[in-house]
Amino acid sequence: MDLISTTAELTAFCDRLAKHRVITVDTEFLRETTYYPLLCVVQMASAEEAAVIDALADGIDLEPFFKLMADEKVLKVFHAARQDIEIVWHRAGIVPHPIFDTQVAAMALGYGDSIAYDQLVERVTGHRPDKTHRFTDWSRRPLTDDQMHYALADVTHLRDVFAALDADLKKRGRSDWVSEEMEVLTSPKTYDFHPERAWERLKTRVRKPKELAVLIEVAAWREQEAQSRDVPRGRVLKDDAVGDIATHAPTSLEKLANLRSLPKGFDRSKWGADIVAAVQRGLARDHGTLPKIEKPRSNANGAAIVELLKVLLRMTSERHAVASKVIATVDDLEQIAADDNADVGALHGWRRELFGEAALALKQGRLALAIEKGRVVKVDRDQRAT
């Protein structure tokens, strides 16, 4: 088995792969105790060879790998590519392009929502991958033969999966669907994450501008603290604590100490004063500069419309063998229920043709749903089931 542990070996390997139209790529990393993922192993394959790159080897320079990731002449095939791309973006400031994500392609072909790699391999090739080392510690050295076999299998089976999915997409005329998704996945905006936008990740619901202002400042402080210490966000402050602080806006250490969501004594730590300062910055913000808080849906029948749209979405998904998640999200449905001109993916491009037009027709009463012979069917104004 090929284990690459020097820059010279990596350069030669990447030069050979650069001569191929398509390569497969995967990474192994750890991020349980860090903010930034620790890249441990990279495995790549062409139609002729495969190798494992020890990203933690002494003195190795990964520049040849990053150069290959940016090579526009080579299609990089991943499965569930977002975290792999995030690593390359963090380490090298580039986004791999062009790419093909087999998980996204599988959703477009009806394999379900976010199918796992081993399940996709088994369904496409009939081979059942060994999952023994899925949660192994990839930072430990030396790498074992079993780890090497596992890592190489990830990219060698991926060659067969890609070939099958790519052919199926072309046969069904859905290659453009996946291409649209790849443009989003390879946009630097997807990975260029700034602390002032950290609040957007939180599920905390704020109702007042004052609460939103405090939430923005406290979430930004936590993000910066996690980045500077290279620890997970939750190690600095739990999500529920951030939301609690936004709601109560403690302007002193004494008031901070009264929050039950914070560990006992947290107010006396070195971060207590930082949090109070963030709260005060939030309270001092001009509300006119804040993002708009989404107002509750005014449509009294909104919930019922959403439920009908869910039925239509499920029906569309099954009829066309496309994962519902890739057609529309629940948030899409809620926005469509509230606004015919909602700026959501389900009302653009192929999604509008497949689902969006019917969704609007259903909402506007130009389309109905009925049960016929035990299955849901669409009924137009002429009462013809489709």
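How do α15 and α16 lie relative to each other, oblique or roughly parallel? Hi everyone, let me start there. Helix α15 (residues 330–338) and helix α16 (residues 349–363) pack at an angle of about 45°, with their axes 10 Å apart. They are therefore oblique to each other, because angles under 35 degrees count as roughly parallel, over 145 as roughly antiparallel, 65 to 115 as roughly perpendicular and the rest as oblique.

A quick word on conventions. This is a predicted model, where local features need pLDDT of at least 70 and side-chain atom pairs count only at pLDDT 80 or more, while totals for chains, interfaces and linings use all residues. Residues are numbered from 1 along each chain as its sequence is written, and side-chain values use heavy atoms, with hydrogens and water left out. Helices (H or I, at least four residues) and strands (E, at least two) are DSSP runs, numbered from the N terminus. Axes are lines fitted to C-alpha atoms, for helices over the stretch in contact, and angles run from 0 to 180 degrees between N-to-C directions.

Back to our pair. α15 passes α16 in a right-handed crossing; that means the near helix is turned clockwise from the far one by less than a right angle, and left-handed means anticlockwise. L333, I336, A337 and A338 in α15 meet F355, L360 and K363 in α16, with contact meaning heavy atoms within 4.5 Å. By class, that contact has six nonpolar, no polar and one charged residue. Here Ala, Val, Leu, Ile, Met, Phe, Trp, Tyr, Cys and Pro count as nonpolar, Asp, Glu, Lys and Arg as charged, and the others, Gly among them, as polar.

Next, α8 (residues 209–229) and α12 (residues 272–283). Their angle is about 140°, and their axes are 8 Å apart. That makes α8 oblique to α12, and their crossing is right-handed. On the α8 side the contact includes V214, V218 and W221, and on the α12 side I275, A278 and L283 are among the residues. The contact has eight nonpolar, one polar and four charged residues.

What is the handedness of the crossing of α5 and α6? It is left-handed. These two helices pack at an angle of about 55°, with axes 10 Å apart, which makes α5 oblique to α6. Y117, L120, V121, V124 and T125 of α5 take part, meeting α6 residues that include A153, D154 and L165.

Of its 32 lining residues, D26, E28, R134, Y150 and D154 are the closest to its centre. α6 gives the most to the lining, with seven residues. The lining divides into twelve nonpolar, nine polar and eleven charged residues.

Finally, some backbone details. The peptide bond from R141 to P142 is cis, with omega near 5°, and P142 sits in the loop between α5 and α6. The bond from H97 to P98 is also cis, with omega near -5°. A80 has a positive phi of about 55° although it is not a glycine.

Note on methods
On a 1 Å grid over the protein atoms alone, a cavity is a set of points where a 1.4 Å probe fits but cannot get out, and a pocket is an open set with protein on both sides within 12 Å along at least five of seven lines; lining residues have an atom within 4 Å of a point.
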